[in-house]
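Open the structure in your viewer and keep the selection tool at hand. This tour goes stop by stop: select, look, move on.

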Amino acid sequence: QFLTVSPEELSSHLLRCGYTRSDLVEGVGQFAHRGGIMDVFSPGMKNPVRIEFYGDEIDLISTFDPLTQRRTDEEIESYLVLPVAETIPHLHPKGVSGLAEDLQALENRLRKRKNPHELLLRTLAEDREALEHEAYFAASDRYISLIYPDYACAEDYLPSDAIVCLCDHGN
């Protein structure tokens, strides 16, 4: 049983995860949508996939060769679609609009300084406008502390009774 999702919903989701829409999928982080077919190349995967829709139902998933754009004979049951970007603005606690508000507040604070940094102000304004227009911008990682306000590290995910061994080859 495959997932029921419209190609338009999937396209929207991919864009929010940092994917780039293109005519042909030739590299990681790209997707293409033509009629009832969508090609996606997820980071960390060896090959891109071709998803064939029947209405809003996924009918077939198979891999394809990005050089020839020809489908391989390998039909697959599932495919892991990972985000392309390290930070995803939509994960801000208040969503994209909340991040845009935070950037506006930061911009307002900077303007009150005696000698505001004009390039920084311009960058904040451009990024805020991109967010307000639902456009993806590649440098969203500069706002990682706003998007993910709770600091966490790998240790936070270990059980309390975990034993950690470190190997220092130099000694």
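**Stop 1: a charged pair**

Select Arg 34, which counts as partly exposed at 35% relative accessibility. Keep in mind that this is a predicted model. Asp 39 is buried, with a relative accessible area of 0%. The count for this model comes to seven salt bridges.

**Stop 2: a link between strands**

Select Glu 52 and Arg 71. They form a salt bridge, and their closest N and O atoms are 3.5 Å apart. Glu 52 sits in strand S4 (residues 49-54) and Arg 71 in strand S6, so the pair ties together parts that are 19 residues apart in sequence. Check the cover on each partner. Glu 52 is partly exposed at 22% relative accessibility. Arg 71 is partly exposed too, with a relative accessible area of 42%.

**Stop 3: a link between helices**

Next, select Glu 107 and Arg 128. Their side chains meet in a salt bridge of 3.3 Å, N to O. Glu 107 belongs to helix H2 and Arg 128 to helix H3, so this pair ties together parts that are 21 residues apart in sequence. Are these two residues buried or exposed? Glu 107 counts as buried at 3% relative accessibility. Arg 128 counts as buried at 12%. With Glu 107 and Arg 128, they are linked in a network of salt bridges.

Stay in helix H3 (residues 118-132) and pick Asp 127. Asp 127 is buried, with a relative accessible area of 6%.

**Stop 4: the negative patch**

Select Glu 8, Glu 9, Asp 56, Glu 57, Asp 59, Glu 75 and Glu 77, which form a negative surface patch. Helix H1 (7-16) and strand S5 (57-64) each give two or more residues to this patch. Glu 77 lies in the loop between strand S6 (71-75) and helix H2 (95-111). Glu 77 is exposed, with a relative accessible area of 72%.

Now find Ser 6, in the segment before H1. Ser 6 counts as buried at 10% relative accessibility. Its contacts beyond four places in sequence are Phe 53 and Asp 56.

**Stop 5: the nonpolar patch**

Finish with Leu 91, Ile 144 and Tyr 148. They make a nonpolar surface patch of about 250 Å². Ile 144 lies in helix H4 (residues 144-147). Ile 144 is partly exposed, with a relative accessible area of 35%.

Technical notes
Residues numbered from 1 in each chain as written. Predicted model: local features only at pLDDT ≥ 70, side-chain atom pairs only at ≥ 80, totals over all residues. Heavy atoms only, no water. Patch = residues over 30% accessible without salt bridge, like charges linked within 9 Å, V, L, I, M, F, W, Y side chains within 5 Å. Areas by Shrake-Rupley, 256 points an atom, 1.4 Å probe, with all protein chains shown as cover. Salt bridge = Lys/Arg side-chain N within 4 Å of Asp/Glu carboxyl O. Lys, Arg positive; Asp, Glu negative; His and termini not counted. Charge placed at Lys NZ, Arg CZ, Asp CG, Glu CD. Helix = DSSP H or I, 4+ residues; strand = E, 2+ residues; numbered from the N terminus. Buried < 20%, exposed > 50% of the residue type's maximum accessible area, 1.4 Å probe, protein only. Contact = heavy atoms within 4.5 Å.
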